[in-house]
Amino acid sequence: MNNIVLTDKEKEALRSIRNFLMHNGRMPSVRELMNYMGYKYPRSVSLLFVQLTKKGILKRKLDGKVILANDNDKKEVNAQTVDIPLLGSAPCGTPNFAEENIEAVYPVSVRLAPPPYKYFLLRAKGDSMNAKSINDGDLLLIRQQQTAKNGDSVVALIDGESTIKEFHKTDNAIVLKPRSKNDKFKAIILTNDFQVQGVVVTAIRGL
């Protein structure tokens, strides 16, 4: 597999498939990939599926479904994606990167998670941020950092528990605001007795 050579169109198709997988949690259909790549005719995409299958990048299951092969060219894949660990749900306590605490690992496009930053994934719980399109069950891509700008959606550690809120800094306080269609949620007013763990990059549904 290390000697697999892909054409530019095959590389583009593979990147598009992995990006679609990351955002939708399933393989794209021929028509979906056609639209995703901006092609006009499904035959062109069908041929790319066939070529990637012949080269061992994709494989067809007994039920006819096409999936990414487990033994595909790691160098080619890793050049376009980075493996990001899923560390549970928020609120969920402090993220722990120990192997036993990693629930899953997802390949994420480097366009979403560009280096040199480190990233992790959390699954959102509740509806305190649904006005910012962060809904219960969404997978959140978090850029790991300890600082934030006003308006950033952050993962903050308060008394050993993580929460996702919108960050605002005033002259003498930090305000973590919910952004919810449910008015039961209230802002949290803090001094410096908390820790920013990261900033939400994007919310991903359907995984």
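Of the contacts in the protein chain (heavy atoms within 4.5 Å) between residues at least 6 apart in sequence, 57% join residues at least 24 apart. This is a predicted model: local features need pLDDT of at least 70, side-chain atom pairs count only at pLDDT 80 or more, and totals for chains, interfaces and linings use all residues. Residues are numbered from 1 along each chain as its sequence is written, and side-chain values use heavy atoms, with hydrogens and water left out.

**View 1. The protein chain has 4 helices and 11 strands.** Helices (H or I, at least four residues) and strands (E, at least two) are DSSP runs, numbered from the N terminus. Of the 207 residues in the protein chain, 41% are buried. Buried means under 20% relative accessible area, exposed means over 50%, and partly exposed lies in between (1.4 Å probe, protein chains only). The protein chain exposes about 11900 Å², an area from the Shrake-Rupley method with a 1.4 Å probe; for residues, only the protein chains shown count as cover.

**View 2. Glu-10 and Lys-55 form a salt bridge.** A salt bridge is a side-chain nitrogen of Lys or Arg within 4 Å of a carboxyl oxygen of Asp or Glu, and by this rule the count comes to 4. In the pair shown here, Glu-10 and Lys-55, the closest N and O atoms are 2.7 Å apart. The pair links distant parts of the chain, 45 residues apart: Glu-10 belongs to helix H1 (residues 8–24), and Lys-55 to the loop between helix H3 (42–54) and strand E1 (58–60). Glu-10 is buried at 3% relative accessible area, whereas Lys-55 is partly exposed at 28%.

**View 3. Lys-149 and Asp-152 meet through their side chains in a salt bridge.** The N to O distance is 4.0 Å. Lys-149 is exposed, with a relative accessible area of 58%, while Asp-152 is buried at 15%.

**View 4. Arg-179 and Glu-166 meet in a salt bridge with an N to O distance of 2.7 Å.** Arg-179 is partly exposed, at 30% relative accessible area; Glu-166 is buried, at 7%. Salt bridges with shared partners join Lys-132, Glu-166 and Arg-179 into one network.
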